[in-house]
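Please look at one helix and the residue that opens this report. The sequence and model follow.

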Amino acid sequence: MPVIAHIVMAIWMPVVLVLFAVLPSRRAVIVSFLAAWLFLPMVTYNLPFLPDYTKMSATCAGIFIATIIFDVKRVVRFKPSWADGPMLLYCLSPFVSSVTNGLGPYDGLSEIANHIITWGMPYFIGRIYFNDARSLRELVIAMLIGGLIYVPLCLFEVRMSP
């Protein structure tokens, strides 16, 4: 793995905090998620007794910390609804699977943490930031722009790869 990949992963959470300080919160969330998905390397750092540090965990943790620092009113205003039930069940279901299959509670709890970071936190961030038509429109436009930015890179890779 190139050194630049390790450097980028090390500085990504501070970059997310800077984005929140410079941009409006919703736009910072969009830029953080899109930049992470499009440009962060696919590396995993196994941390003892903690969830793995990946591009998703770095981005979600950075956005959540930045939301608490810069935009805590969104978190406070969040009201769970019955529609959040399936996501909650999905995040908690690995515990039952692990205990039923004899893997133990530690494995179940670590898988719950993994599901919460991979699926629950993006869901929660989406629920607090993209809850009306205007915000969803902004997200869709940003995803379209991200795709257009990525197309030349994909074409270059198709042409130049062996």
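Leaving aside its neighbours within four places in sequence, which residues is S25 in contact with? They are F20, D71 and Y129, where contact means heavy atoms within 4.5 Å.

This is a predicted model: local features need pLDDT of at least 70, side-chain atom pairs count only at pLDDT 80 or more, and totals for chains, interfaces and linings use all residues. Residues are numbered from 1 along each chain as its sequence is written, and side-chain values use heavy atoms, with hydrogens and water left out.

S25 sits in helix α2, residues 25-39. Helices here are DSSP runs (H or I, at least four residues), numbered from the N terminus. S25 is buried, at 16% relative accessible area; buried means under 20% (1.4 Å probe, protein chains only).

Other buried residues of α2 include R26, V29, F33 and L38. Part of their cover comes from these helices:

| Helix | Residues |
|---|---|
| α1 | 3-22 |
| α3 | 55-70 |
| α4 | 72-77 |
| α6 | 105-129 |
| α7 | 133-160 |

Now the pairing with α3. The axes of α2 and α3 come within 10 Å and cross at roughly 170 degrees. Axes are lines fitted to C-alpha atoms over the stretch in contact, and angles run from 0 to 180 degrees between N-to-C directions. Therefore α2 is roughly antiparallel to α3, a term for angles over 145 degrees. On the α2 side, the contact is made by V29, S32, F33, A36 and W37. K55, M56, T59, C60 and I63 supply the α3 side.

Note on methods: Helix = DSSP H or I, 4+ residues; strand = E, 2+ residues; numbered from the N terminus. Buried < 20%, exposed > 50% of the residue type's maximum accessible area, 1.4 Å probe, protein only. Parallel < 35°, antiparallel > 145°, perpendicular 65-115°, else oblique.
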